[in-house]
Amino acid sequence: MRQLLKLSNMTKLNGWLANLLINRDQLNNSICLLFLILLGITLPFLLVTNIDSYFRGDINVFHSWANCWSHKIYVACQPKIPPNYPVAGLTLSAGLIHTITSIFDITERNTSDMIFRYYLAFFDSLNFLLFIWLASLMRFRFPIIIGFILLIIPSTWVGGAIWGQIDGIALFFCLLSTICFFKSWLTNDIDIESVKVWKSTMWLLLGNLSLSLYILTKQLAIFSLPFFFLLYMITVWKFWKNFHYRGLLWVFLTLFMFIFFFRYIDSLFEVPGQFHNSSYWFVWTGGGSEHGNKISGNGFNIWMFLGRDMWSSSRTPFFTLKLGNWKDDIAPYQAGIFLYSIFTAFLLFICCKCIWTILNKKIEFGQRDKADVHLIALLCFFHGLSHLGFNVLLTGTHERYLYLGYPFLLIAVTWFYTNKIAFSWQLTISCFFAAFAYGCFVFSMTGPLPKLLFPLQRHEFLASIHVFLLIFLLERSILVSQLGKKNSKVVSDPIVNEQKTTRTV
């Protein structure tokens with residue numbers, strides 16, 4: 001009897017020690033993850049504090065706009081430096097600087113620049129939290145680690161507060177809008193249908209409002225519109241499937257709110273009469289959006305291999321096409337638009353094909369979420385490729401124009417790799433290397449790079465890397481499309497021995 005009691009006490013003791021060790025490991029993991037969150041939030045501010053080599057030219061332009069700040073700024077600044085941002089971007093740059101200098105009576109330029117860069121760093125920190133949120137929606141095991149990796153890649157942090165530009169704010173609205181659209185789908189955990197439709201509608205409404213601000217921040221948002229078109233079409237399908245005619249009513253109501261909010265914000269500032277009281281129409285047709293007339297604006301693309309001065313005209317023909325008596329001069333400007341149009345149409349075709357396959361697959365209730373995650377990864381991949389394509393194929397690209405594409409591209413590639421879909425570790429590492437090289441290239445415009453990294457300062461070298469990257473990723477996108485039927489089957493079937501079929505990060 002004593003031996004049995006002793007054995008029982010030993011068993012309890014062993015169990016208690018095992019639980020203690022497990023709890024200690026969980027506590028250590030929680031502390032490490034909390035440390036990563038705090039480090040990710042503070043890192044943008046630390047970088048701004050310790051890196052003083054920002055691009056003063058852009059902030060000087062913001063100061064010039066701030067000096068003639070009023071609701072007539074598009075007219076008042078015309079003789080000097082005409083504003084070339086839509087109303088949201090103008091307010092979030094020149095408007096903020098005007099507010100800083102007016103309220104605090106700051107006359108020292110370096111002081112106002114530093115405050116402005118800390119303001120930009122705040123949005124970089126918010127983007128880190130949105131990276132974590134997006135990674136959690138994609139069911140990564142450690143979304144905090146994924147978000148931190150995306151934050152520390154040079155392609156992410158160098159184009160925002162470090163440079164002194166508002167691209168980080170544009171990325172914030174883009175990420176927020178994307179996540180809200182995704183959240184409007186993911187309502188399978190709610191049993192009460194009335195609660196479900198209201199929750200989905202509120203997420204969709206917030207996504208539409210954020211999307212309108214994203215479009216009105218900088219003109220580069222136009223290259224995200226095919227991505228948001230696909231998002232909206234899937235959303236319509238989801239609302240129809242879940243809520244039928246009532247769902248369609250809520251979708252079109254939120255679309256009306258998007259149009260109303262976009263138009264209201266767009267018309268806040270006075271513009272010359274011929275531009276229909278629209279700041280967006282003004283910056284596209286009235287000036288400021290003519291970068292494509294040059295071969296390159298200090299960025300990189302395939303047209304740099306012509307050997308011309310990158311600041312020279314992109315409308316000068318480089319080839320004459322002859323068919324009998326008919327001939328036509330081909331210039332980089334027109335050829336780039338044609339190639340990118342074909343590229344985008346092809347991407348839309350293969351992406352729609354894969355989406356249609358996944359959406360029409362009969363999926364059990366418990367497995368719908370896995371199909372949604374697959375769609376999220378596919379759409380993020382499409383968005384990243386869209387931005388990579390226009391940087392490689394169009395003329396007039398600037399050095400920071402890939403800033404909005406890389407976060408989506410990297411998180412999608414990581415998801416495909418960890419789920420053993422079309423990506424090897426070699427190609428995944430190549431994507432991260434290209435992002436690192438791109439970040440170093442952008443940083444070299446404002447600060448010195450180590451001598452060992454001198455090739456990363458060459459426009460032609462960066463162009464070569466991204467041409468090959470575009471070709472490889474385009475081939476992978478074709479493979480993903482061809483595997484669409486198989487992949488939808490994988491994500492819709494119950495998981496059997498998940499450890500053998502899926503690597504989880």
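**Notebook: helix packing, a cavity, confidence**

Entry 1. Helix α2 (residues 56–67) meets helix α5 (residues 109–137) at an angle of about 105 degrees, and the axes lie 11 Å apart. Angles of 65 to 115 degrees count as roughly perpendicular, so I filed α2 and α5 as roughly perpendicular to each other.

I then listed the residues that make this contact. From α2 they are I59, N60, F62 and H63; from α5 they are R109, S112, D113, F116 and R117. Sorted by class, the contact of α2 with α5 holds 3 nonpolar, 3 polar and 3 charged residues.

Entry 2. I searched the whole structure for cavities and noted 4 of 30 Å³ or more. I took up the second largest cavity, with a volume of about 90 Å³.

Which residues line the second largest cavity? I wrote down L347, I350, C351, C354, L378, F381, F382, L385, S477, V480 and S481. Three helices each supply at least two residues of this lining: α12 (332–359), α13 (368–393) and α16 (459–482). By class, the lining has 9 nonpolar residues, 2 polar ones and no charged ones.

Entry 3. I checked the confidence of the prediction. The mean pLDDT of the protein is 84, with 85% of its residues at 70 or more. Over residues 487–505, however, the pLDDT is below 50. This stretch still has 34 contacts in the model beyond near neighbours in sequence. Where pLDDT is low, predicted coordinates should not be read in detail.

Definitions and conventions: Residues are numbered from 1 along each chain as its sequence is written. This is a predicted model: local features need pLDDT of at least 70, side-chain atom pairs count only at pLDDT 80 or more; totals for chains, interfaces and linings use all residues. Side-chain values use heavy atoms; hydrogens and water are left out. On a 1 Å grid over the protein atoms alone, a cavity is a set of points where a 1.4 Å probe fits but cannot get out, and a pocket is an open set with protein on both sides within 12 Å along at least five of seven lines; lining residues have an atom within 4 Å of a point. Grid points are joined across faces, edges and corners, and a volume is the space filled by probe spheres set on the points. Helices (H or I, at least four residues) and strands (E, at least two) are DSSP runs, numbered from the N terminus. Ala, Val, Leu, Ile, Met, Phe, Trp, Tyr, Cys and Pro count as nonpolar, Asp, Glu, Lys and Arg as charged, and the others, Gly among them, as polar. pLDDT is the predictor's confidence in each residue, from 0 to 100. Contact means heavy atoms within 4.5 Å. Axes are lines fitted to C-alpha atoms, for helices over the stretch in contact, and angles run from 0 to 180 degrees between N-to-C directions. Angles under 35 degrees count as roughly parallel, over 145 as roughly antiparallel, 65 to 115 as roughly perpendicular and the rest as oblique.
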